[in-house]
Amino acid sequence: MLKKYLLIWITMICSTIFIFKLASLQLSSNSYFNSDFAIQEISVYPERGLIFDRNGQLLVANQPMYDLIIIPENTIEFDTIELSNLIGIEKKELKRKISNSVNYSTKIPSIIKTQISKEENAFLQEKIWLYDGFYLKKNSVRDYIKPFASNVIGYTGEVSQSEIYTENYYEKGEMIGKQGIEKYYEKELRGIKGIKYFQKDRFNRVIGPYNNSDDNEDPTKAKNITLTIDIELQKYAESLLKNKKGGVVVIEPSTGEILTLVSAPTYESNQFIGQDRTNNFQKLLNDSINKPLFDRSLQAQYSPGSPMKILNALIGLQEDVIDENTTFTCNGGHYYAKNAFMGCHNKVGTISDLRKGIYNSCNTYFAKTYKMILDKYETPSEGLDTWANHIKSFGLGDYLGYDLFIGKKGFIPESDYYNKFYGENRWGSSTTISNSIGQGEILTTPIQMANFTSAIANRGFYYKPHFVKKINNESVSNSDKVFTSIDKENFEIVINGMVDVVDKGTARVAKINGINVAGKTGTIENFILIENEKKQLTDHSTFIAFAPAEDPEIVVSVFIENGYWGSRWAAPIASLIIEKYLKDNVERKWLENRMVNGSLQSEYEKPFKFKNFTINE
Amino acid sequence: MNSFNVLKYDLISLISYTLLVIFGIINIYSSSYNESFTSIFDNSTIVGKQIIFLIASLVTFIIIIFTKSKFFDRIAPILYFISIILLLSLFLFGVERGGAKSWYLIGPISFQPTEFAKLCTALFLAKFLSIIQTDLNKSRDVFIVGLIILTPIILITFQPDPGSALVFLAFIFPVLREGLDLRFFYFGLILISTLVLTLILDFTISVIILFILFVLLYLYNRQKKFKISVIKYFLSLVILIGVSFSTNYLFENVLEQRHRDRINLIIGKEVDNRGIGYNTNQSKIAISNGRLFGTGFLEGPQTKGHFVPRQHTDYIFSTIGEEWGFRGTLITILFFTLLITRISFRAEKQVNHFKRIYCHCFASLLFIHFFINIGMSIGLVPSIGIPLPFISYGGSSLLIFSVMFFIYLNFDSSRLKED
């Protein structure tokens, strides 16, 4: 019997084995054989979104550049020296890049050389076909048309390994926004890449679309972005800050739109394009003196200086410790505690009311006001926290929530801080008196200064400052008013004082024909550590202003490092910016020339010369 | 003259045959498809040629169906003789393709006498075994049977086409059926095991294992009633050691590197998906790519990309796997199983010895092709280039298997007649 049906049995057994094997090949879900040689995926990138300024001027567009790509598994032996000569990369470097790409994947394309210009490409195209596994891929890179506002616009760069892991969208060699608007609005600007599937044959040649292109995913178009920046004003402000360190922030108070944001010295976005990118980036990074990659308008924390007196005046009025007629006598300063004298540039015996106190920037007046605010409460802690809450309602001591990733919080001291330092309530208004004139522990950034000025200009509220006006012609709504803790009626008297500052006070240089400018100067003592020795440097020059005082259209905050008097650099620069914005052309050419041509470089070099130096010349 | 009555014939087998052939044509079309393809009857194209051979097969169908089965009995020796002559003269007039001189070129048609030899050997073996005097207990007759089978094997091995030669081992099944002592079969099994053992391990270790095995076997059998003499044990051991030694020698000295690679790959000594394992790996990718329902006709990416070498011939099963999925492969396997078991089963109902043995021969041949070809496509058997009957591209193969099938139909329809 066995002999008769031997073949039948064996056939049955074999068929069963085959069926099981086929089931494991074709039905098991984790079949490792599914890595598909036959289908090639090619990403289709939408053109990166354009960036315009508030008036529709094109700031950022795209230009074609070429990448040299390698698919390691397609390469055959070739002469490395010949190729390195051809593409202008050192042999060692070329070998390193090739081995990197092999380590990454032998099947996936890797970039050997990026940013090959149109001209080079024409030359390379004729030769590169000789090297199997290499090809040139057209790419679109950024074209920064205007060399201004680079600190706002930022730049793009090749996506990093960590970004590939965290974002779960990018592949090696793709571009991503690295800084500024390019980074913050990356998702809008990049769109969504599509995928095209191609059928390959066994020689890895593409022989046509796969599955009639049915599976292809179309790319989603990128969005264009319109900034709130006025590029003409930005350009003008940047020219005024030539050879100076500092920042300028200009805000439209009725919307919170940032018209200009200057940080000097700065970089140009174009430095991040093309083959010199790496070199340029290193240079910028290594410049530890000028710190061009550091945005002084957003990241630099300075003592606010005298503009703080305005806030103290407002708090004094709100807390009912002073009114517009309150007067204090200044004796060229005053003893705020035993053996503790705070100097003031006002003459001995000057009697100031609030307005005069503001326009003459009397230290004594605001020290006394500050003392009264704090002393109104039972404990200094309670007093200080009340004061600090008022200050914070102006957006100080915290990020403002604008649409860039960089920034600093600044610092507003609260009772906790002093309790830790001196012990529970073992301090008082006298101990913290420097806060009254914006010198003590308080730290602010230029954009915060501009923002609180905006709140004053609006008589009690501000809009969150922001950089983007429209995304694809759709307005970015930003209608939330942020109210300060100061009542509307308390502002008028203070604003009158600020108008006087420009009219007859410390900043007469900022006066503009036919426009009521309200402002406040600041001159800020500052120190540096040189070989563990605290040394005083020339004062910082600062100025906050808005105009026209009665119906403000523009708010300016200027900060010039080591510029000495607020009226020497900051006030003229702010004034010129206001004039430029409101009148479109500047009549005071002499002032403009002085600002544009003025340089503080010698001032900045002082501490690096290892010699004794004099300050405040 | 027989009157033609459809119901006389094994219709289930006939339908299976028809479906497999049509399925074959469809898959050959897909495997060889490219855009410049024009008409399917254009004989310069692969499918065109296959269809011409199919038509030729249909002509033989009519001839064979109306031939008396006695006729095949008579001409079997002559056919066998002719086929041996054809195999011999290949060395003189043969055309070399893919490294083997196994083709005759007659005008535009190329013909593979190896295929013809399968048919002739089946007929002649059936003829010899059905002779009333033949007795497989006589060593003389066993020797003749061995000669009948080994002659084509040797001639084909020297073409060299060892894969096709291997197919002739299928005849061991009918010979066993006709009374060859099962011990030959077991001995054969031990022989093959020794062979594989030598390849996987090495010569010395295999000899030690064999020695221990035989001593144990001898000690075990000593207590039983019937005893085999020590000399026979010793002789068997010597033969097996000889096999082990010659395997080792053949493997190292006679086989070429490509053969060694193939064997190493299948016994798991090497894994190499880019070099020699490429064929099998690509075939497995294509098959697994098909999942349950397949990618659809002309839609298989592996097939379209021509990733699987010889996909329209030896690896046709990978096309089925990719484009028709598990559905397709399962049905193909079931049809083959049905066909082989049915033929083998119905052979047992034959009264006439010649016919019965022939049917067994045919079923065995079908089985060995089915086993090796599909086994190779899914990576269970070494890569051996033989076609999948009825399905693979190849005129000689299609024609000869069709003829063999029609002869089966003829024999089956007259199974109750003694003539």
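**Ground rules**

I noted that residues are numbered from 1 along each chain as its sequence is written, while chains are lettered from A and ligands numbered from 1 in the order in which they are written. Since the model is predicted, local features need pLDDT of at least 70 and side-chain atom pairs count only at pLDDT 80 or more, whereas totals for chains, interfaces and linings use all residues.

**Entry 1: where the chains meet**

I looked up how chain A touches chain B, and found 31 residues of chain A in contact with 37 residues of chain B (contact: C-beta atoms, placed from the backbone, within 7 Å). On the chain A side, the elements giving two or more residues are α1 (2–26) and β8 (194–200). Helices here are DSSP runs of H or I with at least four residues, strands are runs of E with at least two, and both are numbered from the N terminus. I saw that α1(A) gives the most, with 16 residues. By class, I found 17 nonpolar, seven polar and seven charged residues on that side of chain A. Ala, Val, Leu, Ile, Met, Phe, Trp, Tyr, Cys and Pro count as nonpolar, Asp, Glu, Lys and Arg as charged, and the others, Gly among them, as polar.

**Entry 2: two helix pairs in chain B**

I turned to α3 (residues 69–93) and α4 (residues 113–130) of chain B, whose axes come within 8 Å and cross at roughly 145 degrees. Axes are lines fitted to C-alpha atoms, for helices over the stretch in contact, and angles run from 0 to 180 degrees between N-to-C directions. The crossing of α3(B) and α4(B) is left-handed, meaning that the near helix is turned anticlockwise from the far one by less than a right angle; clockwise would be right-handed. Among the residues making the contact, I picked out Phe72(B) and Leu86(B) of α3(B), and Phe116(B) and Cys120(B) of α4(B). The residues of this contact divide into 15 nonpolar, two polar and two charged.

Next I checked α15 (residues 353–377) and α16 (residues 395–413) of chain B, which pack at about 145 degrees with their axes 10 Å apart. Their crossing is left-handed. From α15(B) come Lys355(B), Tyr358(B), Cys359(B) and Phe362(B), and from α16(B) come Met404(B), Ile407(B), Tyr408(B) and Phe411(B). I found seven nonpolar, no polar and one charged residue in the contact of α15(B) with α16(B).

**Entry 3: a five-stranded sheet in chain A**

I traced an open sheet in the order β12-β11-β21-β20-β19 of chain A, with antiparallel pairing (strands pair if DSSP finds at least two bridges between them). The edge strands are β12 (257–264) and β19 (518–530), each pairing on one side only. The twist averages 10 degrees from one strand to the next. Seven bridges join β20 (residues 533–547) to β21 (residues 554–560) of chain A, and there Ala545(A) has Val556(A) as its bridge partner. I also found helix α19 (residues 570–583) of chain A packing on the sheet, at about 150 degrees to the direction of β21(A).

**Entry 4: around β3 of chain A**

Which strands does β3 (residues 58–70) pair with? I found β2 (residues 51–52) joined to β3(A) by two antiparallel bridges, with Ile51(A) opposite Val60(A). These two strands form a hairpin with five residues between them, and Gly56(A) in the turn has a positive phi of about 85 degrees. With β5 (residues 134–144), β3(A) pairs over eleven antiparallel bridges, and Asp67(A) stands opposite Lys137(A). Four bridges join β3(A) to β4 (residues 110–116), again antiparallel, and Ile69(A) faces Ile111(A) there.

Terms used:
Two residues are in contact if their C-beta atoms, placed from the backbone, lie within 7 Å.
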